[in-house]
Amino acid sequence: MATLPTTRDESWRYADGAVLANLDPDVLDQWDDFTVDPGETARRVIVAGGAGPELIRVRVSVGDGATAELFGVVAGEAYARLEVVVSLGKGAHFQFGGVTIGGGNAVREIVTRMDHALPDATSDQVIRAVHWGTATGNFLGRIDVARHAQKTDAAQDFKGLILERGAATNARPELEIYADDVKCAHGASIGQLDEGARFYMAARGLPPELARKLLVQAFIGDAFAALEDEDEQARLMDVALAALGDRS
Amino acid sequence: MLHINDLHAEIDGKPILKGLTLSVNAGEIHAIMGPNGAGKSTLAYVLGGRLGYEVTGGSVTLNGADLLDMDPHERAAAGMFLGFQYPVEIPGVSNVQFLREALNAQRGARGETPLSGGEFLKLAREKAALLRMDMEMLKRNVNVGFSGGEKKRAEMVQMGILDPSFAVLDETDSGLDIDALRVVGDGINTIMRAPHKAVLLITHYQRLLDYVRPDFVHVLAAGRIVTSGGPELAQRLESEGYEAVA
């Protein structure tokens, strides 16, 4: 049986401590395995959108020359955490798009770990967080590049959007690189809706809620841009925007 | 149409408009000219209802309704269009989606039925052609990657689609070359020269007025209208300068 994590654990430091203390320890042992065989391509789409606390842990194993795609929306009403641990084979590719969105007082987080142990693999992560009320959105992204994993190309891009004073986002990129011939691009920024754009949209007749919805849609669209299935893309966008519509 | 009476407004506590009075009737085009810092853009933003532009006195009515009591999007639904000196880029939102949502929001506020996707595209195609804008431009994100001239042309396409009864155009001529100036001028005439419509043209130079002939010209200086006249006033300003005339 696993020991319950606390916010003293580095990878849980921004989580909701009170929720962690009440977790059923069994859920910590529950990993969803997503394995893609060498040379294959596969996709998984995940939505955390329930009323109670949710912990979703996915262990991705990408075979040599394979591509795994994972897209997720964390939009529940309570503490929710999507944790993704990826091990990449030689020349493998992992594509990730994740969104945390919501208000209230909940903490929603995405925690990823890329394990580049072999050469020539690539990973690309785009994460967007949109929060209001006194909610918090977190992204903790770790990238490990082993000494032999030459020609690794790992990208990580996080942007947070705070709709109201009182909401917060935390971003913690963590890169451990032991190979010398690699590309690891990472960016993290946090901002609010552009007042100029909001006024421009209002001046054309868009009420504030509708203008906000369009701007949020554009903002989180980046996370789903690599999802080629347009129906799936629209479904994830609907889930995310529905959370915005419920905004109290 | 539009009646501004003794309007006072300030930004960050600094008075900019100091008792501006102006009436624009249906069927008229008025030009407001004036030196830098006179308050021209402030007037445009106050009429649009921008945050931070605080009205401290006076009144503005549009078709009898209290304009200052309306939120910016309500002013648009009431028939006002504000053409921006610096149109804003909105990454991730296409012109088509933006304008269809805007038009249908306005129509909804007026109790009219929304346009379908097909109906909207037909309208958009017609107005884009009028301004000689490639329909492909309208499928791109709002103003993103547009040159200064393309942005101004896109503003006029927006005006054509939204079909306001009253337009405030803030330095719509800036950034335009001679050919674009003619296209934009023709667009303003075609879209807004009508007995039930009116335009307030804010401009620094006389050149747009060669294409859009105003019925009245006003000089704005230090927050007030200091001189008014016909089109000949613009010519005099151009040759003699603001200081000599105002």
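Colleague: What makes strand E3 and strand E10 of chain B a pair?

Modeller: Two strands pair if DSSP finds at least two bridges between them. Strand E3 (residues 29–33) of chain B and strand E10 (residues 198–203) of chain B have 5 bridges, in the parallel sense, and are therefore paired by that definition. The model is predicted: local features need pLDDT of at least 70, side-chain atom pairs count only at pLDDT 80 or more, and totals for chains, interfaces and linings use all residues. Residues are numbered from 1 along each chain as its sequence is written, while chains are lettered from A and ligands numbered from 1 in the order in which they are written.

Colleague: Why do strands E6 and E12 of chain B stand at the edges?

Modeller: The open sheet of chain B has 6 strands in the order E6-E9-E10-E3-E11-E12, with mixed pairing. E6 (80–83) and E12 (224–229) each have a single partner strand, so one side of each lacks a neighbour in the sheet.

Colleague: Why are H4(B) and H6(B) called oblique to each other?

Modeller: Angles run from 0 to 180 degrees between N-to-C directions, along axes fitted to C-alpha atoms, for helices over the stretch in contact. Under 35 degrees counts as roughly parallel, over 145 as roughly antiparallel, 65 to 115 as roughly perpendicular and the rest as oblique. Helix H4 (residues 117–130) and helix H6 (residues 148–162) of chain B pack at about 135°, their axes 9 Å apart; they are therefore oblique.

Key
Helices (H or I, at least four residues) and strands (E, at least two) are DSSP runs, numbered from the N terminus.
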